[in-house]
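Here's a quick briefing for anyone meeting this structure for the first time. Have a look at the sequence and the model, then read on.

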Amino acid sequence: MSKKGCLWCVTATVVIVGVLFLVAWLASNQIRSPKCSIEKFFVPALDKAVSGNETASNINKTISFDLRLKNQNGDGSGVYYDVLNISVYYYQKDNNSGDVKRLPIGNVSIPGFYQAKVDHRLETVHTFGVPWEEARMEVANGSSAMFLLNLNSNVKLKIPLDGVVTSTDIQKLNLGVNVSVND
């Protein structure tokens with residue numbers, strides 16, 4: 001084999017090994033968005049044990065939930081949240097047409113904060129415009145009432161990479177989840 005051919009083999013091997021190390025490094029240092037979930041969702045107006053004898057005028061018109069936020073990046077990393085704006089909707093079925101429309105029923109804002117690993121935010125939303133009698137009938141008939149939670153915020157991640165702490169640009173966080181509630 002000539003010196004030129006051998007030099008080409010060595011160069012190609014170095015480049016391939018370098019690319020493999022780069023891919024492995026990038027995979028191990030992947031930056032992940034925070035993970036959000038609803039751990040508990042409680043609607044007193046639909047709980048038979050709580051609201052069995054209440055009338056439409058005196059039922060508890062709040063919704064409580066536990067928002068769990070998890071930083072999925074490694075030790076030393078964190079998430080800076082701007083204000084978390086949460087909107088709650090009720091899905092109302094039109095009995096005549098079968099269409100479903102989304103009624104806005106409440107909002108809550110959680111002040112901005114810094115999160116290292118896992119954080120819980122217990123919130124209560126005071127609702128308005130919910131057809132509670134209709135929702136209670138659905139639940140009483142063995143069906144479920146459907147709600148939607150939308151979360152909007154801006155986040156910035158603090159990530160330590162090779163001993164240097166860096167921050168990402170501000171990213172928009174827009175999430176939504178449907179929640180089905182029975183009795």
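Let's start with strand pairing: E4 and E8 run antiparallel and are joined by six bridges. Two strands count as paired if DSSP finds at least two bridges between them, and the strands (E, at least two residues) and helices (H or I, at least four residues) are DSSP runs, numbered from the N terminus. Bear in mind that this is a predicted model, where local features need pLDDT of at least 70, side-chain atom pairs count only at pLDDT 80 or more, and totals for chains, interfaces and linings use all residues. Residues are numbered from 1 along each chain as its sequence is written, and side-chain values use heavy atoms, with hydrogens and water left out.

**Strand E4 and its partners**
- In E8, leucine 148 is the bridge partner of tyrosine 89.
- On to E5 (residues 100–110): this strand pairs with E4 over 10 bridges, in the antiparallel sense.
- Leucine 84 has isoleucine 110 in E5 as its bridge partner.
- E4 and E5 make a hairpin with six residues between them, and glycine 98 in the turn has a positive phi of about 85 degrees.
- E4 (residues 84–93) is largely enclosed by the rest of the structure, because seven of its 10 residues are buried. Buried means under 20% relative accessible area, exposed over 50%, and partly exposed in between (1.4 Å probe, protein chains only).

**Salt bridges**
- The structure has three salt bridges, each a side-chain nitrogen of Lys or Arg within 4 Å of a carboxyl oxygen of Asp or Glu.
- Lysine 93 and glutamate 138 meet in one of them (3.6 Å, N to O). Lysine 93 sits in strand E4 and glutamate 138 in helix H3 (residues 132–140), so this pair ties together parts 45 residues apart in sequence.
- Lysine 93 is partly exposed at 41% relative accessibility, while glutamate 138 is buried at 14%.
- Aspartate 119 and arginine 121 form a salt bridge too (3.0 Å, N to O).
- Glutamate 133 pairs up with arginine 136, with the closest N and O atoms 3.8 Å apart. Both lie in helix H3, three residues apart, about one turn of the helix.

**The largest pocket**
- About 160 Å³ of space lies in the largest pocket.
- Strands E1 (35–42), E8 (145–161) and E10 (171–181) each give two or more residues to the lining of this pocket.
- Among the lining residues are Cys36, Leu67, Ile86 and Val177.
- A pocket here is an open set of points on a 1 Å grid over the protein atoms alone, where a 1.4 Å probe fits, with protein on both sides within 12 Å along at least five of seven lines; lining residues have an atom within 4 Å of a point.

Terms used. Points joined across faces, edges and corners; volume = space filled by probe spheres on them.
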